[in-house]
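Work through the exercises below with the model open beside you. Try each task before reading its solution.

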Amino acid sequence: MSITPQAYSRRRKFSRWSTGLTNSQYLKNVYSTSFGYTDTKKKVPVGSTTAILASTASAVTPQTITTGITQPDVPRALTVTVGGTAANVLDSTIVITGLNVEGKTITDSFKTTASSTGLINGTKAFASVTSVFWPAQLGTSATITVGTQNKLGVYHRLIPNNTTVKVIQATAISATPTIQGVPTVVADATYIENNLVTPLTAPDGTTFLYICYQYDNWLVGAVNDGTSRAGALYHTSTSTSSTSSSTSTSSLTTSTSSTSSSTSSTSSSTSSTSSSTSSTSTSTTTTP
């Protein structure tokens, strides 16, 4: 077994490790591990029920609200709070439209109940919000506000079942970081906006947050007598990362090792204040 450390930049204070394992002379085992992180690059405030849209009155005709919207400080899930006169509220679906961290349009639906007020939590991380659609209500005395949760978005798709997530906090860029307790994680390998991490210690505006995640994969190849390519193992790993014009930066590293060779590939993405990009990297290792 061999372990090779490679330090990340001083600011991030992380290390990457590549491990190679030999099981027997001809049985090929391949172990790959991917490590990524999302850096908020700012002190994250606690979620607020009015962070996105202040109190807005209902109408007897449908409304598409595009003004008075404040953008999320970091990618995070949203809330809708229904208030005012409950008798004016109908069964309806409020739809928020915006962009995910890859700059793609997403929507989240918030269902209201007739003659009922209260808080409704969303399930998708928004990097920005473009509009709020509120169907016609029974009167003009009901209200809604749109806010943010402490469920934070990340810049990579997390793999369910074998992903480990840690939240690291620091009071300043130069301060010694500390690891929080186990966060609550929602992982989705398909839709990046569905990946949510809720820190055990709620954001309060005093700490920078680094959401780090690692997942592993084991592949076992057929026995090869060493004289032909029969039973050769072909292993392909693909990682997709993205950046946006909001406030986070992320990086993903994938390392692969085998009995005959060891390769590692790194793809990095950084945020820009003016544009949103998406990148995909694929590495293939063939072991005869």
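Buried means under 20% relative accessible area, exposed means over 50%, and partly exposed lies in between. The model is predicted.

**Exercise 1. Classify glutamate 102 as buried or exposed, and find the polar contact of its side chain.**

Step 1. Locate the residue. Glutamate 102 sits in the loop between strand 7 (92–99) and strand 8.

Step 2. Apply the cut-off. Glutamate 102 has a relative accessible area of 8%, so the residue is buried.

Step 3. Look for a partner. The side chain of glutamate 102 makes a polar contact of 2.8 Å with that of arginine 157.

Step 4. Check the turn itself. The hairpin of strand 7 and strand 8 has five residues between the strands, and glycine 103 there takes a positive phi near 80°.

**Exercise 2. Work out the strand order of the open sheet and name its edge strands.**

Step 1. Start with strand 7. Strand 7 pairs with strand 8 over eight bridges, in the antiparallel sense.

Step 2. Turn to strand 10. Five bridges link strand 7 to strand 10, again antiparallel. Here glycine 98 stands opposite valine 129.

Step 3. Three bridges join strand 5 to strand 10 (residues 128–134), and the two run antiparallel. Threonine 64 faces phenylalanine 133 across this pairing.

Step 4. Assemble. The order of the four strands is 5-10-7-8, with antiparallel pairing. Strand 5 (63–65) and strand 8 (105–112) are the edges, as each pairs on one side only. From one strand to the next, the twist averages 20°.

**Exercise 3. Sort the side chains of strand 7 by face.**

Step 1. Recall the rule. In a regular strand, side chains alternate between the two faces of the sheet.

Step 2. List the buried face. Ser92, Ile94, Ile96 and Gly98 point this way.

**Exercise 4. Which accessibility class does threonine 130 fall into, and which residues does it contact beyond its neighbours within four places in sequence?**

Step 1. Threonine 130 belongs to strand 10.

Step 2. Classify. Its relative accessibility is 41%, so threonine 130 is partly exposed.

Step 3. List the contacts. Beyond neighbours within four places in sequence, threonine 130 touches Ile65, Thr66, Ile69, Thr97 and Gly98.

Step 4. Take one of these. Threonine 66 is 64 residues from threonine 130 along the chain, and their C-alpha atoms are 6.2 Å apart.

Conventions: Residues numbered from 1 in each chain as written. Predicted model: local features only at pLDDT ≥ 70, side-chain atom pairs only at ≥ 80, totals over all residues. Heavy atoms only, no water. Pairing = 2+ DSSP bridges. Axes fitted to C-alpha atoms, helices over the stretch in contact; angles between N-to-C directions. Buried < 20%, exposed > 50% of the residue type's maximum accessible area, 1.4 Å probe, protein only. Polar contact = N/O pair within 3.5 Å; in protein donor to acceptor, adjacent residues only side chain to side chain. Contact = heavy atoms within 4.5 Å.
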